[in-house]
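Subject: Handing over the structure

Hi,

Here is the structure I promised to pass on. Have a look at it first, and then read on for what turned up in it.

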Amino acid sequence: MLEKVIPTKIYLQESELPKSWYNINAVMKDKHAPALNPITKKPVTFEELSQILCDELAKQELNMTDEYIPIPEEVQEFYKMVRPSPLTRAYFLEKVLDTPAEIYYKFEGNNTSGSHKLNSAIAQAYYAKKQGLTSLTTETGAGQWGTALSMACAFYGLDLTVYMVKSSAEQKPFRKAIIETYGGKVIPSPSNTTKVGREILEAFPNTGGSLGCAVSEATEKALNTPNCRYVLGSVQDHVILHQSIIGLETKVALDKYGIEPDMFISCVGGGSNFGGFIAPFVKDKIEGKAKYKIIGVEPASCPSMTRGKYAYDFGDTGKITPLLKMCTLGSGFMPSTNHAGGLRYHGMNPIVSKLYHDGYIDAVAVEQTKVFEAAVMFAKSEGILPAPESSHTIREVVDQALKCKETGEKKTIVFCLTGTGFFDLAAYSAYNNNTMSDYIPTDAELQKGFDTLPKID
C-alpha cells in the first residue's frame, strides 16, 4: 500500500471550517472556581458582569455547560477572509536540527494584525454592534490585540480607545500608527487620563507598565463612558472560546491526513492562544482517550505558572476587576520590560490554571536570549520572522526536537505560531547587537507580588 503523501502546507476547504466554537468548561471534570465580586466575595452574576462586558460575552463567560457554541453567520463570513490558516510541516527546521521528530505549526499571522487575536476581536466587535453599543475600550501588550480590535471596530463602525503597555508603546511606535490608521486611539499605560493610572504612576513613577495596569485603565474608562464596554484579548474564558477556532481547524487538518500528534506546544501570557489551540485535544486527554503532552511556554521574567501561586487574585493592578482563581504572581507584581509584551501579565486564565493545577498540562519558563536564538533559527530555516511571544514556543519546540535526536524517538510535535515579528525589530536588533539581557525575578521580588494577594475567607 502506498504511503499517503502529506503536503508541506495543509489547507482546509471552506466547507470544512468549524461552524461552532469549542467550550472546554463543558468537559472539565472539575470546573474552575467562579469569579468573585471583589466587594461581596460572592460569585459574579450576569448582571454584574454585563456592566463591564457585552451581554453575549458575559453569557459566554459564565457558560459551563454547552460544549459547542454556534459561531454567528456574520463572524463565519468574516473568518473566511483570513481563515483557514495553514498547518505547515517544518521540514527545513527538522533538517537544521537533524531530528527524527516531525514538526508541524499552525500559522496565525496571515492578517494585518499579524496574529491570532483577530479571531476574538471580530466576534467581540460583532456582539457589541449587535447590542447597540457605540464604543469600546481595551488594553494591549505587544500591540497585536489592539491592532486586531481596531480592525474589527473599523469593520463595524465602533469607536475604540486602546491602553497600550508603555514599554511596548515605546518599543513599537508603528503599532500605534496602524491602530490609528484603523481609527483607534492609543494611550500609553499607565497614564494620567484615569484615576487608577495616576495612582500607579505615583507608586511606580518610572514603570514601563504592564497588562494589569492597562486593564485597570481600560476598565475605568469603560465604566465612565456612556454606551461603552470593555473588551479584552486574553485571560477570560470567552476569549479562549473564540480562539478554539485554532484548535478545531488543527484537529480537522491532522485527521484529514491521519497525522497522530504526541505533543502540543504554545506560548502562554494570559492563556488565549494556548487555551484555544489545545481545546479539542485536552478534551481527549480529560476523557482518557489520548496521552498527549501539552506544554505552555512562558517568559522566565514573568513566570505565573511555573513560580506563581494558585489563588484568587485581581485581574488588574488597580484592583477593579472581579477576583479570579488562577496561577498568579500577584496583581502588584510589576514585570520587567522584556520584549514579549503580550506575555507580560501577572496571572493566567482560570481554565488554563485549573488544567495545570490538575496535571493535564505542563509549563516551562524560558529566558529571552534563548528565545531569540530559536527565533532566528526559525526565521532562517522556515522563512517567517516570528513574534517574540511565538518564539517562546519555538524555543521549547527546538528543545523537544533535540531531545528526540538524543533518544532517537520519532515524536510528532504540533505548535501554534501565533504571529509575526515585523513590529518587533528593535528586539531583534538588540539580540543581533548583543545588547539583550535576561532577567529572572528573585524569590524576594516575587514575594512582593504575593503580598498583594487578597485575603479570601
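To read the first finding you need one term: the bend at a residue is the angle between two axes, one fitted to the seven residues that end there and the other to the seven that start there. Please also keep in mind that this is a predicted model.

**Helix 11**

With that term in hand, go to helix 11, which bends by about 35° at Gln243. The helix runs over residues 237-256, 20 residues in total. From first C-alpha to last it reaches 29 Å, close to the 28 Å expected at 1.5 Å a residue. Most of helix 11 is covered, with 16 of its 20 residues buried. After the helix comes Gly258, and its phi is positive, near 65°.

**Salt bridges**

Side chains of opposite charge can pair when their charged atoms come close.

Glu16 and Lys256 meet through their side chains in a salt bridge, at 3.1 Å from N to O. Glu16 sits in the loop between strand 1 (9-10) and strand 2 (20-22), while Lys256 belongs to helix 11, so this pair links distant parts of the chain, 240 residues apart. Glu16 counts as partly exposed at 25% relative accessibility, and Lys256 is partly exposed too, with a relative accessible area of 29%.

Lys405 is in helix 15 (residues 388-407) and Asp98 is in the loop between helix 4 (91-97) and strand 5 (102-107), so the bridge ties together parts that lie 307 residues apart in sequence. Lys405 is partly exposed, at 42% relative accessibility.

Then there is Lys354 with Asp358, where the closest N and O atoms are 3.4 Å apart. Asp358, at 31%, is partly exposed.

Some salt bridges also join up: Glu67, Lys283, Glu287 and Lys289 are linked in a network. Leaving aside neighbours within four places in sequence, Lys283 is in contact with Tyr22, Val27 and Glu67.

**Cysteines**

How many disulfides are there? The count comes to zero. Cys213 is buried, with a relative accessible area of 0%. Cys267 is in no disulfide either, as its nearest cysteine sulfur, in Cys416, is 7.2 Å away. Cys267 counts as buried at 2% relative accessibility.

**Aromatic rings**

The structure holds 14 aromatic pairs. One of them is Phe78 with Phe155, an edge-to-face pair at 5.0 Å centre to centre with 75° between the planes. Here too distant parts of the chain are linked: Phe78 is in helix 3 (residues 73-82) and Phe155 in helix 6 (residues 144-156), 77 residues apart. Phe78 counts as buried at 8% relative accessibility, whereas Phe155 is partly exposed with a relative accessible area of 47%.

Another edge-to-face pair is Phe264 with Tyr292, at 5.1 Å centre to centre and 90° between the planes. Phe264 lies in strand 10 (residues 263-267) and Tyr292 in the loop between helix 12 and strand 11 (293-299), 28 residues apart. Phe264 counts as buried at 0% relative accessibility, and Tyr292 is buried as well, at 13%.

Last stop: Phe78 and Phe155 turn up again in one aromatic cluster, together with Tyr126, Tyr127 and Tyr156.

Cheers

Technical notes: Residues are numbered from 1 along each chain as its sequence is written. This is a predicted model: local features need pLDDT of at least 70, side-chain atom pairs count only at pLDDT 80 or more; totals for chains, interfaces and linings use all residues. Side-chain values use heavy atoms; hydrogens and water are left out. Helices (H or I, at least four residues) and strands (E, at least two) are DSSP runs, numbered from the N terminus. The expected span of a helix is 1.5 Å times one less than its number of residues. Buried means under 20% relative accessible area, exposed over 50%, partly exposed in between (1.4 Å probe, protein chains only). A salt bridge is a side-chain nitrogen of Lys or Arg within 4 Å of a carboxyl oxygen of Asp or Glu. A disulfide is a pair of cysteine sulfur atoms within 2.5 Å. Contact means heavy atoms within 4.5 Å. Rings of Phe, Tyr and Trp (its six-membered ring) pair if their centres lie within 6.5 Å; planes under 30 degrees apart count as stacked, over 60 as edge-to-face and the rest as tilted.
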